[in-house]
Amino acid sequence: MAVIEQCKWLEPGKSIKDEFQAPRSARQIMQWWGTEYRRTYSGQDYWTRTLKAFRYTQVP
């Protein structure tokens, strides 16, 4: 069931195989990794936590 829920972006009439075999630009891959993948596996607040951690390490 989890796989089906993660594929909400899949267009009607397309199979997962078609979607994954479609050509992708580097930008599309990085955009997907930075949004869908990170939020799915690291939580919805992944980027907020990452930014806070970075900010606190940069403060003198």
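This is a predicted model: local features need pLDDT of at least 70, side-chain atom pairs count only at pLDDT 80 or more; totals for chains, interfaces and linings use all residues.
Residues are numbered from 1 along each chain as its sequence is written, and side-chain values rest on heavy atoms, without hydrogens or water.

Arg-49 forms a salt bridge with Asp-45, and the closest N and O atoms of the two are 3.1 Å apart. The criterion is a side-chain nitrogen of Lys or Arg within 4 Å of a carboxyl oxygen of Asp or Glu. Asp-45 is likewise partly exposed, at 38% relative accessibility. A search of the whole structure returned one salt bridge.

The protein chain contains four helices and zero strands, giving the order α-α-α-α from the N terminus. Helices (H or I, at least four residues) and strands (E, at least two) are DSSP runs numbered from the N terminus. Of the 60 residues in the chain, 8% are classed as buried. The chain exposes about 5,600 Å², of which carbon and sulfur atoms supply 59%; accessible areas were computed by the Shrake-Rupley method with a 1.4 Å probe, and for residues only the protein chains shown count as cover.

Trp-33 is located in helix H3, and its relative accessible area of 32% places the residue in the partly exposed class. Helix H3 bends at Trp-33 by about 35°, the angle between axes fitted to the seven residues ending there and the seven starting there. Just after H3, Gly-43 adopts a positive phi of about 100°. Trp-33 also belongs to a nonpolar surface patch with Met-30, Trp-32 and Trp-47, and the four residues together present about 430 Å² of accessible area. Patch members have over 30% relative accessible area and no salt bridge, with nonpolar side chains (Val, Leu, Ile, Met, Phe, Trp, Tyr) joined within 5 Å and like charges within 9 Å. Helix H3 (residues 26-42) provides the largest share of this patch, three residues.

Three aromatic pairs were found in a search of the whole structure. One of them is the tilted pair of Tyr-37 and Tyr-41, at 4.9 Å centre to centre and with 45° between the planes. Rings of Phe, Tyr and Trp (its six-membered ring) pair if their centres lie within 6.5 Å, and planes under 30 degrees apart are stacked, over 60 edge-to-face and the rest tilted. Because Tyr-37 and Tyr-41 are four residues apart in helix H3, about one helical turn separates them. Tyr-37 is partly exposed at 29% relative accessibility, whereas Tyr-41 is exposed at 53%. Another pair, edge-to-face, joins Tyr-46 and Trp-47, at 4.7 Å centre to centre and with 75° between the planes. In this pair, Tyr-46 is buried at 18% relative accessibility, and Trp-47 is partly exposed at 38%. Tyr-37 and Tyr-41 also form one aromatic cluster with Trp-32.

Tyr-46 additionally takes part in a contact with a charged side chain: Arg-38 lies over the ring face, at 5.0 Å from the ring centre. For such a contact, NZ of Lys or CZ of Arg must be within 6 Å of the ring centre and within 35 degrees of the ring normal.

Key
Buried means under 20% relative accessible area, exposed over 50%, partly exposed in between (1.4 Å probe, protein chains only).
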